[in-house]
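This report describes local features of one structure, with the cut-offs behind each term. The sequence and model come first.

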Amino acid sequence: RRRLPMIEVDASAPVVCARGTVPFIDTFEGRSQLFASYHMWHTGRPAAEQCQGCTFNTGHVQELAYLHSRDVTFAVFCEGPFEESNRYREFMDWKMPWYAVPDESLERIAPGGHFGMKACYLRVGERVFETYWTTGRGCEILGNSYGMLDMTVYGRQEAWEDSPEGWPRREGAMSTNGRPTSQWPRLAAGRSDDLGTSER
């Protein structure tokens, strides 16, 4: 990864945050590196129907000081309207920087990319370069729960694992009772998952 070719991207491409529209380069927050988590968003759908995998990965990112100490900013880049996805961020009580990427900006900051991937960037003065990206199983690095489950006797309890006959298996790796697993403690605490997108 440290010797891969870098691709220059459009540092001025607009993204949307709580302050309004800002250029992509501002998302670095003055640091030289950016770890971008591209969060899939299903516009108009309720919280229970939002992406299980993106919720799983984003929910594992809590303490950012370690990244900041190495001059790295972590930020989530969500598709769809900022106001709607930000209500989800608030429901989940996530504290990391959160941006919406307008359709016309995605190709300018992630050429050939898509939501659901993770990408790393380097800022050199006023120029920005994409240095690495991954998707699918490559995103598992964010889910430290997987690493811990891999150390337990029952493992992840997924169908693909080579486990003895009769050991527990779970339906859906990242959901419980039809919604992303990490939403249930928020609901139990009385937090509203109404994103203003569905009739109640």
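## Basis

The model is predicted: local features need pLDDT of at least 70 and side-chain atom pairs count only at pLDDT 80 or more, while totals for chains, interfaces and linings use all residues. Residues are numbered from 1 along each chain as its sequence is written, and side-chain values use heavy atoms, with hydrogens and water left out.

Helices (H or I, at least four residues) and strands (E, at least two) are DSSP runs, numbered from the N terminus. Buried means under 20% relative accessible area, exposed means over 50%, and partly exposed lies in between (1.4 Å probe, protein chains only). Helix α3 spans residues 82–92 and is largely enclosed by the rest of the structure, because eight of its 11 residues are buried. These are Phe82, Glu84, Ser85, Asn86, Tyr88, Arg89, Phe91 and Met92.

## Salt bridges

A salt bridge is a side-chain nitrogen of Lys or Arg within 4 Å of a carboxyl oxygen of Asp or Glu. The whole structure contains nine salt bridges. One of them joins Glu90 to Arg89, with the closest N and O atoms 3.9 Å apart; Glu90 is partly exposed at 46%, and Arg89 is buried at 17%. Another pairs Lys95 with Asp93 at 2.7 Å, N to O, and Lys95 is exposed at 66%.

Asp150 and Arg156 also form a salt bridge, their closest N and O atoms being 2.8 Å apart. Asp150 is partly exposed at 42%, whereas Arg156 is buried at 12%. Shared partners join Glu140, Asp150 and Arg156 into one salt-bridge network.

Glu161 lies in the loop between α5 (144–151) and β9 (175–176).

A polar atom of the Glu161 side chain lies 2.6 Å from the backbone nitrogen of Gln157. Leaving out residues up to four places away in sequence, Glu161 touches Asp150, Tyr154, Gly155, Arg156 and Arg169 (contact means heavy atoms within 4.5 Å).

## Aromatic rings

Rings of Phe, Tyr and Trp (its six-membered ring) pair if their centres lie within 6.5 Å; planes under 30 degrees apart count as stacked, over 60 as edge-to-face and the rest as tilted. The count by this rule is 13 aromatic pairs. Phe24 and Phe28 form an edge-to-face pair, because their ring centres are 6.1 Å apart and their planes stand at 80°. Phe24 is buried at 0%, and Phe28 is buried at 0%. Ring pairs link Phe24, Phe28, Tyr38, Phe77, Tyr99, Phe115 and Tyr121 into a cluster.

A charge sits over a ring if NZ of Lys or CZ of Arg is within 6 Å of the ring centre and within 35 degrees of the ring normal. Arg156 places its charged end over the ring of Tyr146, 3.9 Å from the centre. The charged end of Arg179 sits over the ring of Trp184, 5.2 Å from the centre.

## Positive phi in loops

Asp71, in the loop between α2 (65–68) and β5 (72–78), has a positive phi near 65° and is partly exposed at 31%. Gln157, in the loop between α5 and β9, also has a positive phi near 65°, but Gln157 is buried at 12%.

Conventions: A polar contact is a pair of N or O atoms within 3.5 Å; within protein, one must be able to donate a hydrogen and the other to accept it, and residues adjacent in sequence count only if both atoms are side-chain atoms.
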